[in-house]
Amino acid sequence: MHLNSTGKLAMLLALLVLSLASRVLADDVAPPWNKGLAANYLDERAKEWLAFPSAGRGQDETKTSCVSCHTAGPYLLARPVLRKLAGVGQPTEQEKTLVEQTRLRVEHWGELDSPRYRLMYDFDDQKKKESWGTEAVLNAVVLAFDDRYYGRQTPSDSTLRAFANLWQTQAAHGDHAGAWEWLNFLFEPWESTGSKYFGAALAAVAVGTAPGYYSPGADAA
């Protein structure tokens with residue numbers, strides 16, 4: 001059986017999980033973990049990301065940080081769950097900042113390819129296309145989960161705009177019809193040739209997560 005780099009990584013992760021599971025079963029007790037320390041670690045990493053110069057996009061009051069699929073994105077998905085486990089209702093400053101920045105970019109979608117906002121990568125036309133597609137998906141995911149975490153019954157106006165941007169950038173023709181252009185730096189598994197599948201899966205998760213958004217036959221997009 002031939003495995004590419006992604007397959008090898010998945011195999012190694014599976015073996016690691018099985019190894020840890022066998023140790024837990026052998027001891028017949030789950031390893032302890034500290035929710036507070038986990039929260040502090042995640043928050044500090046998010047704080048560092050927000051201060052990381054290379055993650056910054058735009059200028060002055062419109063400057064934002066990249067919602068990276070390997071850093072800020074997972075933080076925004078995991079942190080509210082950890083808060084719920086710890087009985088904490090209010091989001092962290094890092095969560096609020098990242099969501100507010102996402103809303104800002106959604107509201108100014110048509111201006112992203114400008115110095116005031118800047119696309120994630122804009123050094124050539126292909127990277128601009130990849131940036132539009134990647135950001136459209138991540139914006140929809142972030143805002144859909146935010147609506148869900150707050151118990152909203154319908155998507156917010158910003159979330160609806162994010163979905164409008166999502167459908168606008170979806171590929172309608174070719175071998176990858178139905179997917180989105182995705183950043184490719186040959187960095188498995190987040191930013192590689194096969195990552196269009198990852199992006200399309202995230203988009204599907206966003207559609208299913210946004211409260212009250214998907215009603216078959218109700219929206220042509």
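Reader: How far is the sulfur of Cys 69 from the closest cysteine sulfur?
Author: The distance is 7.5 Å, to the sulfur of Cys 66, which is too far for a bond. A disulfide needs a pair of cysteine sulfur atoms within 2.5 Å. This is a predicted model, where local features need pLDDT of at least 70 and side-chain atom pairs count only at pLDDT 80 or more, while totals for chains, interfaces and linings use all residues. Residues are numbered from 1 along each chain as its sequence is written, and side-chain values use heavy atoms, leaving out hydrogens and water.

Reader: How many disulfides turn up in the whole structure?
Author: The search finds 0.

Reader: Is Cys 69 buried or exposed? And what about Cys 66?
Author: Cys 69 counts as buried, at 7% relative accessibility, and Cys 66 is buried with a relative accessible area of 12%. Buried means under 20% relative accessible area, exposed over 50%, and partly exposed in between (1.4 Å probe, protein chains only).

Reader: Thanks! What share of the protein is buried?
Author: Of its 221 residues, 37% count as buried.

Reader: New topic: how many helices and strands are there?
Author: The protein has 7 helices and 2 strands. Both are DSSP runs numbered from the N terminus: helices are H or I with at least four residues, strands are E with at least two. The order from the N terminus is α-α-β-β-α-α-α-α-α.

Reader: Which residues have the most contacts inside the largest nonpolar core?
Author: They are Val 137, Val 141, Phe 163, Leu 166, Leu 202 and Ala 206, in a core of 22 residues. A nonpolar core is a set of buried Ala, Val, Leu, Ile, Met, Phe, Trp, Tyr and Cys residues joined through side-chain atoms within 4.5 Å. Helices H5 (125-149), H6 (157-169) and H7 (195-209) are the elements giving two or more residues to this core, and H5 gives the most, with 7.

Reader: Nice. What does Leu 166 contact, leaving aside neighbours within four places in sequence?
Author: Leu 166 touches Ala 136, Val 137, Ala 140, Trp 180 and Ala 203, with contact meaning heavy atoms within 4.5 Å. There is also a second, separate core of 16 residues, including Trp 49, Ala 72, Val 99 and Val 142.
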